[in-house]
Amino acid sequence: MVRHPGGAEEVTQDAFVRAYTHLHQYDDHRPFYPWLASIAVRLGQNWLRRHGQTARRESASLDSTCEPSEAENVLTSLITDERSRRLWQAVATLPSGERTAVFLYYRDDLTVTDIARALGVTTGTIKTFLFRARRHLRGRLEAETTRHRETST
Amino acid sequence: MTCQHVLGLIDAGPFVSDYPPAHLEAAWQHARQCITCSPALRASTALTAELAALPGLAPPADLAAAVLKRIALVEPATPVLDAARMPQAGTRFGGPDWSAWSTVLGGVLAGLAIVFSAPLGSASVGFGLRLRGMAVDSAMMLPTTTGGLVFVVGLAIYAAGLLALVGGEADHDSPSHDEPRLVAK
């Protein structure tokens, strides 16, 4: 989310420390991971605001896009499957909110309600994020498939 | 059923359940046959599977140690507890809560001894109290008889229970050198 390795590490540690010091606020009738994720998302947004990347690259809101960051390029190099790598690169270009929603929904198997709680938005917003993300990614995949078909013939 | 509508349903992914099944079936029928929508349906199906298979980043090896170190800085005075040495659930200070029961039992025994002991002639021992000019005979006990024995035993049990209660309270409130500590692993 913060698109910076050092920042990601800092935010991750902050999230665990904050969760520990605010454990008394956790409602144990609800699943733990979405609560932890909501802390991490807020801290990530605060980190972006503090480090002045709002104007240049990505705002603290969930609607901006930018090129893949250094962290994502590192991970990209680890993905050996070509198609998966392209998908990862496509996901990396999504706006922050859509990208976060995609990861939390498809990779972490959170429900729309839990994601909405974590991001502090409504379930309708999450569905919109996922809709836009799927449309964007589908378009890129279709374009890739068409290009591949054309180059192979 | 337009392509635009069908593509919208395709991109909605799992969130099309609000539509009637017949409507969705018609949409998918169109998508399977349409030259525009068919590739989109295939791409969307593949996309769902590939998104679920996106890899996650492994945490840094020193994440746990770094977090624990920061927690120690934030709350250095927090007494840490060893789960293995925590008092068991249902107990007060790590052992069965017999002190309260022994206090009650001891008191009951002593009381019964007083109630059922009968004053017997010269062997009895009694003591009277002078209260506001009135002589009040208190309990008449037989120190060498069963009643006296029960009375003494009851008092002893009662006293033991009281001492255990008081001693346990003191231990609970004061720091101990043997206080268990959690060691970060």
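This is a predicted model: local features need pLDDT of at least 70, side-chain atom pairs count only at pLDDT 80 or more; totals for chains, interfaces and linings use all residues.
Chain B contains six helices and two strands, and, read from the N terminus, its elements follow the order α-α-α-α-α-β-β-α. Of the 185 residues in chain B, 24% are buried. When contacts in chain B between residues at least 6 apart in sequence are considered, 57% of them join residues that are at least 24 apart.

Helix α2 of chain B, which covers residues 21-33, can be examined in some detail. With 13 residues at 1.5 Å a residue, this helix should span 18 Å, and the distance of 18 Å between its end C-alpha atoms agrees with that expectation. Its buried residues are Leu24(B), Ala27(B) and Ala31(B), and because these cover an arc of only 60° around the axis, they lie on the same side of α2(B). The spacing of such residues has a simple background: an α-helix has 3.6 residues a turn, so residues three or four places apart point the same way. The other side of α2(B) carries Ala22(B) and Gln33(B), which are exposed, whereas the buried residues are covered by elements that include α1 (3-12) and α3 (37-52) of chain B.

Helix α3 of chain B also takes part in a contact with chain A. The helices α5(A) and α3(B) pack with their axes 11 Å apart and at an angle of about 85°; an angle from 65 to 115 degrees counts as roughly perpendicular, and α5(A) and α3(B) are therefore described in that way. On the side of α5(A), the contact is made by Arg83(A), Leu87(A) and Val91(A), while α3(B) contributes Ala46(B), Leu47(B), Glu50(B) and Leu51(B).

We turn next to the aromatic residues. Over all chains, a search of the whole structure finds six aromatic pairs. One of them joins Phe32(A) and Trp35(A), whose ring centres are 5.6 Å apart and whose planes stand at 50°, so the pair is tilted. Because Phe32(A) and Trp35(A) are three residues apart in helix α2 of chain A (residues 32-50), about one helical turn separates them. Phe32(A) is partly exposed, its relative accessible area being 36%, whereas Trp35(A), with a relative accessibility of 18%, counts as buried, since the cut-off for buried is under 20%.

A tilted pair is also formed by Trp88(A) and Phe103(A), with 5.2 Å from centre to centre and 45° between the planes. Trp88(A) belongs to helix α5 of chain A (residues 82-92) and Phe103(A) to helix α6 of chain A (residues 96-107), so this pair ties together parts that are 15 residues apart in sequence. Trp88(A) is buried, with a relative accessible area of 6%, and Phe103(A) likewise counts as buried, at 14% relative accessibility. Returning to Phe32(A) and Trp35(A), these residues form one aromatic cluster together with Tyr26(A).

A last stop is Asp109(A), which is found in the loop between α6 and α7 (112-119) of chain A. This residue has a positive phi of about 60° although it is not a glycine, and, with a relative accessibility of 63%, Asp109(A) counts as exposed.

How values were computed: Residues are numbered from 1 along each chain as its sequence is written. Chains are lettered from A and ligands numbered from 1 in the order in which they are written. Side-chain values use heavy atoms; hydrogens and water are left out. Helices (H or I, at least four residues) and strands (E, at least two) are DSSP runs, numbered from the N terminus. The expected span of a helix is 1.5 Å times one less than its number of residues. Buried means under 20% relative accessible area, exposed over 50%, partly exposed in between (1.4 Å probe, protein chains only). The arc is that of the directions from the helix axis to the C-beta atoms. Contact means heavy atoms within 4.5 Å. Rings of Phe, Tyr and Trp (its six-membered ring) pair if their centres lie within 6.5 Å; planes under 30 degrees apart count as stacked, over 60 as edge-to-face and the rest as tilted. Axes are lines fitted to C-alpha atoms, for helices over the stretch in contact, and angles run from 0 to 180 degrees between N-to-C directions. Angles under 35 degrees count as roughly parallel, over 145 as roughly antiparallel, 65 to 115 as roughly perpendicular and the rest as oblique.
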